[in-house]
Amino acid sequence: MAEIANARRMMSGLEYMRKLVAGELEASPMARLLNIRIVEVSEGNVVVTAEPTPEFENGLRIAHGGFAATLLDTALVCAVNSFMPAGKIFTTLRSTINFTRASVRTSGTIN
């Protein structure tokens, strides 16, 4: 984990995100745990994907809202990160999400 933090301190957010997409840097532990992948990145624009799996389901066989919230937060912070200079960090301070439909395994890959 220290390698990830050190890499981000040495390069801009955009450089860092591009290295993640290229597979030159390992994804964060949270992204690995939830199988979140960054598949496209440019300044201010990041596409992340994930697939709902049984491990993320609640008792109704719907992906837990926390899974969707984490995917959305990841996309947002990665897009913001793409503007950040080397060594500049930030965090999400507030997040509001309105769900419009459920995510289930049959949804397939979520972008």
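Let's start on the inside. The largest nonpolar core in this predicted model takes in 21 residues, and Met-17, Ile-36, Ile-38, Val-46 and Phe-67 are the ones with the most contacts inside it.

What does Ile-38 touch once its neighbours within four places in sequence are left aside? The list runs to Met-17, Leu-20, Val-21, Val-46, Val-47, Val-48 and Cys-78.

## The fold

Zooming out, the protein chain is built from four helices and two strands. Read from the N terminus, the order is α-α-α-β-β-α. The radius of gyration is 15 Å, close to the 13 Å that the globule rule gives for 111 residues, so the chain is as compact as a globular protein of that length. The C-alpha trace spans about 45 × 25 × 25 Å along its principal axes.

As for contacts, take those with a separation of 6 or more: 57% of them in the protein chain join residues 24 or more positions apart.

## Inside, outside and charge

Of the 111 residues in the protein chain, 32% are buried.

## A threonine in H4

Thr-74 is worth a look. This residue lies in helix H4, and with a relative accessible area of 17% it falls under the 20% cut-off, so Thr-74 counts as buried. Which residues does Thr-74 contact, leaving aside neighbours within four places in sequence? Those are Ile-36 and Val-48. Ile-36 is also among the residues with the most contacts inside the largest nonpolar core.

## Two loop residues with positive phi

Now for the backbone. Asn-35 is not a glycine, yet its phi is positive, at about 55°. Its place is in the loop between H3 and E1, and Asn-35 is partly exposed, with a relative accessible area of 40%.

Arg-61 is another residue other than glycine with a positive phi, near 65°. You'll find Arg-61 in the loop between E2 and H4. Is Arg-61 buried or exposed? Its relative accessible area is 57%, which is over the 50% cut-off, so Arg-61 counts as exposed.

Key:
Residues numbered from 1 in each chain as written. Predicted model: local features only at pLDDT ≥ 70, side-chain atom pairs only at ≥ 80, totals over all residues. Heavy atoms only, no water. Rg over C-alpha atoms; globule rule 2.2 N^0.38 Å. Buried < 20%, exposed > 50% of the residue type's maximum accessible area, 1.4 Å probe, protein only. Contact = heavy atoms within 4.5 Å. Core = buried A, V, L, I, M, F, W, Y, C linked by side-chain atoms within 4.5 Å.
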